Every structure is written in C-alpha cells, then in structure tokens.
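User: I have a two-chain model open and would like to talk it through with you. Could we go one topic at a time?

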Amino acid sequence: MIPALIVFAYLAIVLYIGIFAFRRTAGSAEEYFLAGRSLGPAVFLLSLFGTNMTAFTILGSAGHAFANGIVTFGLMASSSAFVIPLTLFFIGTRMWALGKRHGFMTPVQMFRDRWECGHIGTAIFVVQAALLVPYIIIGVMGGGTALRGISGGVIPFWLGGAIVAIVVMSYVFFGGMRGTAFVNTFQTVLFLSFGAVALIVIGRGMGGFPAAMESLLASPATAPLLTRQRISPWYYFSYTFIPLSTIAFPHIAIFCLTAKRMVQFKRTVIFYPICLLAIWLPCVFLGVAANSLRDVPRVEQKLEARAALAALPADAPAETRNALRRQAVGDDIVLVMLERFAPLWLAGILGAGIMAAVMASDSQILALSTMFTEDVFAFYGGKARFGEQVQVQTGRLFVVLLTVIAYFIALRAPQGIFDLAVQYAFSGYSALSPLLVAALFWKRSTKWGALAVTLWVAFAVMYTAQVPGALAWYGLLPVVPMTLISCVLMVAVSLVTPPPAAATVARYG
Amino acid sequence: MLRLLLLVVVVALYALHQDVWFWREARPLVFGFLPVGLAYHAAYCIAVALLMWVFTRVAWPSHLESAAADVTPDGRR
C-alpha cells in the first residue's frame, strides 16, 4: 500500500500545480486555451515533450521490447527523434507565427482562412476529433490499470480510472492550458528521472546487465531479440512515416501556438531527441533484459506462454490463441521488475513516474475542448452571440462531458478495441499531415484538395480497421500508402480546382 | 548552396536510420551490455540533436518571428 500512498501524494501535487500554482485571473479564451501565448522555454520544451508521451512510452515500449527486442527503439524512438524535431522546426514555427499574426487558436481556423472555406473546415474538425477520442479513453483505462497494479489490486480498475479522470478533469477545468502545461512539465521531469533510476536499481538487482545480455545471446530463442533479424527492412522503413502524425495531432499543433517567442522552438528541437533517448533507451533495454529473468515466476509464465503461442498449430482455436497472447503480453513488465528489485518506497516514486506518463490525456481533452469552442461554437456564431466568457464556460463544460463519457466507455469496452483504434489514429494523422504542408508551403493548394485528403483519410482509417491487412502493400505499414495517396490527392485535386484569392495566398507567403 | 547542403545532410541522416549493416549483429556489446544495434540508434538520436543545433544556427527562420512581432495583442496588425 506504500507505493499507492506515494502515488496519491503525487496526484495531490499534480492537482495543486494544475489548479492553484500558476493560476492567472484573466478569463479570456486565449488565456484559458493557449495560456495567453506566453509559455517560457523550459515549460514549452518539457510540456511539449510530455504531451507527446503516453502510457505507451513506459509500459508499452518495455512490453513491446520484451516481445520484439531492441528493434522497438529504432521503430518508435529514433524515427521520432529524427522526424518530430524537423516537423517542429519547419511546420511548428510557421504555425506559431501565423497564430500570433492572425490570432488562430486551432489548425482548422488556419485551414479555413488559408483555403477560404467554412464547412470543409468542419469536415476536417470531425475527422480530427474522431481520431483523437480513442486516446482519451485509453488514458482513463491506463490510469485505472496503473493504479490497480501499483496498489497491488487494492484499488479496483473502476475506482482507479475514476480517480485519474477526476484529477485530470479538475486541473484541465480550472487551470486550462497554463495548468495543463505546468502539470505536464512536472510530469516530464518525473518520468525522465524514472528511466535512469529504474535502470540503476534494476541493473543492480539483476547483478549487472552484461551477464543478462550474455545469457540472452547464449539461447537461440532469445539471441534474435538483440538484433532486428525478425522483421523486414521495409516494415522497419515504414515506421518512419508514423511520427509525421505528431505535428498533425491537434493537441501538438495547438501547443505550438502557446510559446511566448519563436526562439523557444530552438531548445525544443535540439533537446527533443535527447529527451526521447533518456526515456526510451532505459525502457526498451529493461524490456529486453527482462527476458533473462527466468527465476521470476511472472516473467517465466509470460515466456512459457510466448513459447506455447509459437508452437501452436495454425488451426488452433482462436480462444486458446487469445488466452496465450494475453498471458504473454509484457505491458506490465517494468512493474514486475520494480516489484522484484526496488524497495517499496522507491517503487512508489517510480510508480508515480509511471502515472505521470499514463496521465497524458489532459492535453488531448483540452485540445478537443479548444477545437469544439473555436471551430464549432465560435465559428457558427456562439461567440458573437453569447460572448467570450460563455465560450470559455462552454469549453469547461465540454471538458467535463468528455471526461465523463470517456470514463463510462472505458468501464464497458474492452481495451483491445481502443488500442487498435489508437494505432489507426496514428496512421490517420500521418495521412492528414499533407494538409499542414500544403497550407504552409504550397500556394496552389485548394480547399477541394484539402477535402479530398480529409475524405480519403476517413475512408482509409475505416477500411483498414474493417479489413485486416488492407493497404499493407509490399510488406509496408498502411500508413505509407495512406500518406502518399494523401499527397497525390492534394496535388491532383488542387491543380484542377480554382486557387484561393491572391490576397489570401499572399498572407501565407 | 547552404539549403542544398542541409537537404543532403537531412536525406543522409534519414538513410542512416535504415542501418541494414547491423541488422543481424548483436555484438560488440557497447560498454559491455548495449547491443550494437541499440547503441547505434542511441548515437543516432544524439546526431539528430546536433543536426537540429546546426539548423537553429544557420537556417533559423527569424523572418517569421519579426513578422509575427508586428501585431497587437489581439492578433491584428
């Protein structure tokens, strides 16, 4: 119960920071939704990084590495380390400047202005929002699972999920973007520390990593985990398209508008790859090293289930296969290692680090609220009719409604559905990224090109979700053809449709 | 010329992510425990950070900041 108490202390600190610590009195929409475009360099870097890290960063990455080996780092970390800073440098800075110059608060506002459109912007909003909702549900589920695991089952899933949902909802409701950004900063510091501390504690407990690596290399079953021989180079290559989704995520694009000065992007793009390295390398390495812990019963059970799964005949019942998959999954592998090697108090602090990563749904909830109030409420006359104060209160009401709905869905639906939905959402957002590139860099782009891309992405996400293996051409992930077809559609449709007025285009020169 | 050089460096770094030369190799274990493929990608992250430092030094779009600075607090010129 000690780790759970430490986690509760952590949640109290988070609430304090989010609601009270950096509160400002101004009640404008720009202050609530964008922190008055005034975030400083350290908060901007750490909060942007934390916003993009989810439960998967610590729990999922170690679990993926436990099953697949070191390839996890190249697939998800170093590819992101390359693509994300470049997109922030080229796209994020331009969005910031346009936001400052024209007062944009969401990407859809920019699209509407750039392409002189109204309802097409609404279509983009609908697709963006639909792709974002699964993340919020997964966040509630992650909170419930993590709190149940850290408390040793004392706190049930429904209560853990409710506690995390209420904490997140409270500081988003009261603190808006400023509260969320400072909470994210605190959380990022915590989970960046987590990696190094966990590595040292577990390494010492295991008697050093060199012996663990040698034992893995000595077995034909585990030696491939230290190489990438089990996956094809094409499959590996296609993962470099996934990080294109980051800048297209509304919560990241909106966050780019919060910087006080553009110079704040400088440190962010330089240190982003280093932060990724600091958190992903320990998690991936620990996940791989866990395969050597055959004397830990829960690890041994997982390894046996994995071996049984590999030996299962092709015509084995689906229930048997699914049951073995559930037993073999390694998403709790870091928790198992901490339980074995860390003293209770340290396990509690490290558990708080895990909670910090799990509670990433705050910025997504706020982003959806911002999008709803700006792209729908304000656009269709609500702001002009009822005023800015009502707009902010509408945003807050939206935060409450969204959290409550996400919580009840999380209680009733199996997590697997939303895990899959999140995977499709990554591909969907990557395939939406040509919208940003075209809006910012291609003068000839048109609203019809944007609509074609949006409809294609909506269709492709639903199609790949319905038909397993769809669009996985030549061993590539579906994200590659989805993104390339988006580019082709944007160019082809734009070239055969009339461009926006020259004066509009000139403002984006 | 500078733009072309930076483009070449970016393309080269992208290509270096696809390190087929370490595909089936675990050894040498860097520092005695890091498989070479993992150590390579850790170093890759540091190389990207250096590239981004160079970008901020020689290709920083400062014209965007000066254009954005010329506005009133409500976002209008």
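User: Let me start with one residue: is A:Gly160 buried or exposed, and why?

Analyst: A:Gly160 counts as buried because it has 26 C-beta neighbours inside 10 Å, and the cut-off for calling a residue buried is 20 or more. Please keep in mind that this is a predicted model.

User: Where is A:Gly160 placed, and what does A:Gly160 touch?

Analyst: A:Gly160 lies in helix H8 of chain A, which covers residues 157-205. Leaving aside residues up to four places away in sequence, A:Gly160 touches A:Gly143, A:Gly144, A:Leu147, A:Arg148 and A:Ile155. For a sense of distance, A:Thr87 is 73 residues from A:Gly160 along the chain, and their C-alpha atoms are separated by 36 Å.

User: Which element gives the most to the largest nonpolar core?

Analyst: The largest nonpolar core has 191 residues, and those with the most contacts inside it are A:Ala62, A:Val284, A:Leu286 and A:Val334. To this core H8(A) gives the most, with 18 residues.

User: Staying with A:Val334, what does A:Val334 touch?

Analyst: Again not counting residues up to four places away in sequence, A:Val334 touches A:Ile58, A:Leu59, A:Ala62, A:Ala198, A:Cys283 and A:Leu286. Two of these contacts, A:Ala62 and A:Leu286, are also on the list of residues with the most contacts inside the core.

User: Zooming out, what is the secondary structure of chain A, and what does its C-alpha trace span?

Analyst: Chain A comes to 24 helices and 0 strands, and along its principal axes the C-alpha trace spans about 70 × 55 × 40 Å. Its radius of gyration is 23 Å, which agrees with the value near 23 Å for a compact globule of 509 residues. Buried residues make up 58% of the chain A residues, and of the contacts in chain A between residues at least 6 apart in sequence, 83% join residues at least 24 apart.

User: What is the mean pLDDT of chain A, and which element has the lowest?

Analyst: The mean pLDDT of chain A is 88, with 96% of its residues at 70 or more. Among the elements of chain A, helix H17 (residues 344-358) has the lowest mean, 77, while helix H23 (residues 479-495) has the highest, 97.

User: How many residues of H17(A) are buried, and what does the helix reach from end to end?

Analyst: H17(A) is mostly covered, with 11 of its 15 residues buried, including A:Ala347, A:Leu350, A:Ile354 and A:Val358. From its first C-alpha to its last H17(A) reaches 20 Å, close to the 21 Å expected at 1.5 Å a residue.

How values were computed:
Residues numbered from 1 in each chain as written. Chains lettered and ligands numbered in written order. Predicted model: local features only at pLDDT ≥ 70, side-chain atom pairs only at ≥ 80, totals over all residues. Helix = DSSP H or I, 4+ residues; strand = E, 2+ residues; numbered from the N terminus. Rg over C-alpha atoms; globule rule 2.2 N^0.38 Å. Buried ≥ 20, exposed ≤ 12 C-beta atoms within 10 Å, placed from the backbone. Contact = placed C-beta atoms within 7 Å. pLDDT = per-residue confidence, 0-100. Expected span 1.5 Å × (residues − 1). Core = buried A, V, L, I, M, F, W, Y, C linked by C-beta atoms within 7 Å.
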